[in-house]
Amino acid sequence: MKIERFVLGSLGTNCYLLENEETKEVVIVDPATCPEYVINHVKSSGYTPKAILLTHAHYDHVMGIDGWVKEFGIPVYLHEEEREVLADPGLNLSTMFGYSYSFGQGKGLKDGEVLRIAGFTFEVIHTPGHTKGGCCYYEASQKVLMSGDTLFRYSVGRSDFPTGNGKLLAESIRGKLFCLPEDVKVYPGHEEETCIGDEKKGNPCV
């Protein structure tokens with residue numbers, strides 16, 4: 001798996017391209033926006049987008065959905081409890097920032113469900129706390145975790161937005177993420193990557 005990171009949007013959100021260099025297929029994680037230069041990069045590299053994975057539905061992670069779907073006709077996946085957030089401009093915070101964005105066609109996933117896309121196998125880990133339907137995607141063979149705004153490098157996501165819950169967030173991290181192998185690389189929704197072992201030892205927020 002080759003992972004490319006693009007920092008997009010007004011809040012500096014990490015949008016990831018998870019690329020299979022053998023099949024020339026790619027999965028998009030959290031399309032914050034859909035700039036032409038990223039679309040052109042995918043096309044010029046010869047990759048075929050297969051799906052969008054959402055870690056959660058806050059506006060700064062989803063505003064590029066329509067552009068990717070229009071260009072490539074790909075499905076959008078998110079945890080089933082997050083579909084309401086994606087469809088409600090108040091819950092997804094887009095109204096707070098002067099927009100009114102909603103998307104009602106996301107495919108709902110369950111905790112523990114396995115997605116096989118682009119030659120990769122992603123386990124869905126429901127990690128409520130930042131939002132009620134926040135989730136992470138774990139690719140065990142690659143030792144990669146896409147953590148969204150659940151877990152950051154030596155920090156965690158905010159829990160004071162609608163549907164957030166600080167107690168659940170801590171429980172999600174300790175009970176579901178910290179049991180993963182310590183050498184699993186963590187790719188968060190903002191800032192730089194980290195690993196499970198470093199967060200278990202040094203994250204002051206959990």
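Contact here means heavy atoms within 4.5 Å. Helices (H or I, at least four residues) and strands (E, at least two) are DSSP runs, numbered from the N terminus.

I noted that this is a predicted model, where local features need pLDDT of at least 70 and side-chain atom pairs count only at pLDDT 80 or more, while totals for chains, interfaces and linings use all residues. Residues are numbered from 1 along each chain as its sequence is written, and side-chain values use heavy atoms, with hydrogens and water left out.

**Helix α1**

Which residues of α1 are buried? In this helix, residues 36–44, I found Val38, Ile39 and Val42. Buried means under 20% relative accessible area, exposed over 50%, and partly exposed in between (1.4 Å probe, protein chains only). Seen down the axis of α1, the buried residues fall within an arc of 100°, so they line one face of the helix. The arc is taken from the directions from the helix axis to the C-beta atoms. An α-helix has 3.6 residues a turn, so residues three or four places apart point the same way. On the face turned away from the buried side I found the exposed residues Glu36, Tyr37 and Ser44. After α1 comes glycine 46, with a positive phi near 80°.

**Cysteines**

I counted 0 disulfides, a disulfide being a pair of cysteine sulfur atoms within 2.5 Å. For cysteine 136, the closest cysteine sulfur is in cysteine 135, 6.8 Å away and too far for a bond. Cysteine 205 is in no disulfide either; its nearest cysteine sulfur, that of cysteine 136, is 15 Å away. Is cysteine 136 buried or exposed? It counts as buried, at 0% relative accessibility. Cysteine 205 is partly exposed, at 42%.

**Glycine 12**

I found glycine 12 in the loop between β1 and β2. Glycine 12 is partly exposed, at 24% relative accessibility. Leaving out residues up to four places away in sequence, glycine 12 touches Val7, Gly189 and His190. The C-alpha atoms of glycine 12 and histidine 190 are separated by 6.7 Å, although the two residues are 178 residues apart along the chain.
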